[in-house]
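Subject: Handing over the structure

Hi,

Here is the structure I promised to pass on to you. My notes on what turned up in it follow below.

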Amino acid sequence: MPNAVDVPITTGAQAVRQCWIHLRSRTERPEARRPSRQAALRLPGLFALIGLLAAWIIPPDAVFAADADRRLNIILILGDDLGFSDMGSFGGEITTPSLDALANDGVRFTNFYTHATCSPTRSMLLSGVDTHLNGLGNMDEYTAPNQRGVPGYEGHLNNRIVTLPQLLRDAGYHTYMVGKWHLGKEPDQIPAARGFERDFSLLDGAGSYWDMKSFTAANPRSTFTEDGRYLTKLPKDYYATKTYTDKLIGFIDANRGSGKPFFAYVSHQAPHDPFHLPREWRNRHVGAYDQGWDAVRQERLQRQIDLGIMPPGTELAERMWFIPDPIVLAPASRAMLGKKMELYAGMMENLDHHVGRLVDHLKKIGEYDNTIFIVFGDNGAEGTDLFEMIAGSPGSRDFLFGAINWSQTHPNAWGDPGSYVGYGPMWAQVSMTPFSQYKGWTGEGGIRNALIVSGPNVKRPKGSINTAGIMHVADLMPTLLEVAGARYPKTHEGRELPPLLGKSWNRMLAGQAESPRTAKDYLAWEIFGNRAVRQGDWKIRWEHKPLGKGEWELFNLKTDPAERQDLAAERPDKLKTLLARWDHYVKANNVILPRRNIFETLEDQLPPRVPDDAGYPPLIYQRQFEPPKDMLAEPKPKP
């Protein structure tokens with residue numbers, strides 16, 4: 001008999017767990033599915049031994065402790081330009097049963113913030129650090145001359161931060177990524193270099209869903225990586241949303257049985273333009289949007305109120321003054337613009353379908369109940385015509401490139417390879433119901449997003465809605481490290497790390513708090529010179545003209561989530577308090593306001609800003625006068 005000091009110390013729960021793992025591994029091997037007669041005769045004895053062990057050394061709750069020791073998988077599903085109100089569970093008319101099922105199995109949060117554009121949001125998601133410190137102080141594509149070469153404005157995730165997948169991998173997680181990266185292309189900047197064990201990634205900010213086609217003559221080909229290698233071609237039958245899902249399922253299956261949990265960053269392109277999708281998904285809403293954007297916005301708001309997403313009495317933000325009332329458009333024009341929204345709805349439903357495929361697979365392999373799901377969009381909906389911005393004016397290099405390579409402009413070809421369709425500011429405002437503005441701006445429509453969290457760590461009532469918690473994308477780092485039993489280090493690879501911006505959600509998810517922030521905490525944003533601060537119910541924003549005033553505005557978001565009433569003149573005390581928070585943010589995060597910005601000619605391109613008063617001018621709303629029938633008469637004959 002071995003000396004006692006040579007015997008490994010094993011708890012009763014661990015002993016049972018090890019026996020169970022041994023049994024499952026035996027029965028999962030194909031050759032073991034039908035045990036031999038001798039093996040079958042031995043099984044009762046083995047089970048009897050386990051029973052004796054359990055009776056001897058295992059306390060009554062030890063089996064439950066063993067289950068609790070199993071660490072949770074984490075799946076983070078990011079929609080690109082996904083609007084606040086697009087999912088059915090947030091008031092949309094679009095059919096999203098898979099995403100809604102996650103909402104009904106978890107909790108919806110209505111005060112969740114990202115950044116106003118994609119790569120800055122992704123940088124904070126993966127680092128937990130403010131954009132002006134992590135390398136995305138501005139988007140790489142629009143870095144201003146006075147920001148070039150400044151630490152924090154590299155245009156990619158810099159090496160002064162450590163990433164969430166790096167820390168989770170160090171903590172014993174498999175780390176997977178599929179989809180859009182947009183955080184650097186050099187070998188030391190790609191997903192494999194920043195902590196992802198497996199990846200299939202589009203490194204660019206956007207591209208075709210069908211092939212490697214990009215948007216400019218200087219950059220005609222999108223760049224992809226798979227497991228740290230740059231791809232020379234895409235898989236056969238490639239379609240972005242489907243292929244990303246296929247790849248992730250393959251990653252998960254390849255490591256089944258390893259005993260390790262996984263973190264999966266599912267960074268979809270959808271529903272970012274161009275609106276590319278298979279033909280069978282394009283005609284699911286024919287005619288549904290011919291009524292126009294105003295009616296759809298009103299219907300979405302009413303559903304939000306009925307669901308509890310927004311409080312009774314909530315108003316819609318003003319329709320932007322340069323967007324026409326759809327009633328003044330000819331039916332054919334409304335139908336053509338409505339078709340763009342039909343394609344967007346198809347993109348959302350296709351995305352939902354592939355989310356459902358992933359969920360169904362996890363249920364099939366027994367991992368669904370051990371998985372946390374986090375779902376949100378990376379910024380507000382896209383209201384800018386990106387293709388027009390990229391292609392420029394006739395006669396330019398990129399205009400010619402676009403005319404040749406993106407030439408499928410007939411409506412019947414919309415969705416095909418070589419077509420480019422976006423849906424414009426009118427539908428972007430619909431996607432962001434009830435908020436003001438959209439992507440690129442610091443109105444609520446640019447930075448507030450729908451959030452779903454479900455999984456075993458969520459102890460709040462299933463299907464409930466939290467409207468009190470003020471939350472931020474940088475919160476994911478501390479939250480998920482806590483889930484994984486890991487800590488954010490002070491240093492990494494000899495470098496001192498910047499402090500985390502975020503706050504853990506775990507007490508709130510457990511039902512022990514309503515918000516991760518106190519009334520003293522604040523959030524702040526800056527991108528392209530547009531800026532904002534929120535503290536409690538109050539928010540200030542400064543935006544370039546013409547969407548902004550070129551001066552600070554003040555809003556009470558509790559009573560005015562649509563930001564209709566600027567209270568800066570009425571509450572100079574509150575404005576002064578929040579401006580002090582802005583000054584603190586600038587100093588703490590090395591904020592350098594750009595001297596060039598993408599909106600510098602916008603005021604000249606748009607008509608002068610005017611109020612949006614319903615029914616004005618009456619001329620265009622006046623209908624044909626119909627006299628009383630009993631007073632109608634034919635003209636009298638000549639005498």
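Ser85 is buried in this predicted model, with a relative accessible area of 0%; buried means under 20% relative accessible area, exposed means over 50%, and partly exposed is in between (1.4 Å probe, protein chains only). Ser85 sits in the loop between E1 and H4. Here helices (H or I, at least four residues) and strands (E, at least two) are DSSP runs, numbered from the N terminus. Setting aside neighbours within four places in sequence, Ser85 is in contact with residues including Phe90, Arg300, Gln304, Val430 and Thr433, where contact means heavy atoms within 4.5 Å.

Before going on, a word on the ground rules. The model is predicted, so local features need pLDDT of at least 70 and side-chain atom pairs count only at pLDDT 80 or more, while totals for chains, interfaces and linings use all residues. Residues are numbered from 1 along each chain as its sequence is written, and side-chain values use heavy atoms, with hydrogens and water left out.

Now the strands. Seven of the seven residues of strand E8 (residues 371-377) are buried, so E8 is largely enclosed by the rest of the structure. Thr371, Phe373, Val375 and Gly377 point one way from E8, and Ile372, Ile374 and Phe376 point the other way. E8 pairs with E1 in the parallel sense over seven bridges; two strands pair if DSSP finds at least two bridges between them. Within that pairing, Ile372 in E8 is the bridge partner of Ile74. E8 is also joined to strand E9 (residues 448-454), by four bridges and in the antiparallel sense, with Phe376 opposite Leu451 in E9.

Strand E14 (residues 523-527) has five of its five residues buried, so E14 too is largely enclosed by the rest of the structure. Leu523, Trp525 and Ile527 lie on one side of E14, with Ala524 and Glu526 on the other. E14 runs antiparallel to strand E15 (residues 530-535), and five bridges join them. Leu523 stands opposite Arg534 in E15. The hairpin of E14 and E15 has two residues between the strands, and Phe528 takes a positive phi near 60 degrees there.

Next, the nonpolar cores. In soluble globular proteins, nonpolar side chains tend to be buried together. A nonpolar core is a set of buried Ala, Val, Leu, Ile, Met, Phe, Trp, Tyr and Cys residues joined through side-chain atoms within 4.5 Å. The largest nonpolar core has 87 residues, of which Ile75, Leu248, Leu362 and Trp427 touch the most other members. Helix H10 (residues 331-364) gives the most to this core, with 11 residues. Apart from this core lies another, of 46 residues, among them Ile161, Leu203, Ile372 and Val453.

On to charges. There are 36 salt bridges, a salt bridge being a side-chain nitrogen of Lys or Arg within 4 Å of a carboxyl oxygen of Asp or Glu. Which residue forms a salt bridge with Asp80? Arg122 does, the closest N and O atoms being 3.6 Å apart. The pair links distant parts of the chain, 42 residues apart: Asp80 is in the loop between strand E1 (73-79) and helix H4 (97-105), and Arg122 is in helix H5 (residues 118-127). Asp80 is buried, at 1% relative accessible area, and Arg122 is buried as well, at 0%.

Asp227 forms a salt bridge with Arg198, with the closest N and O atoms 2.9 Å apart. Asp227 lies in the loop between strand E5 (224-226) and strand E6 (229-230) and Arg198 in strand E4 (residues 198-202), so the pair ties together parts that are 29 residues apart in sequence. Asp227 is partly exposed at 32% relative accessibility, and Arg198 is partly exposed at 23%.

Finally, Pro611 is in the segment after helix H18 (602-605) and counts as exposed, at 61% relative accessibility. Pro611 and Glu318 are 293 residues apart in sequence, yet 8.1 Å apart in space, C-alpha to C-alpha.

Happy exploring, and write back with any questions!
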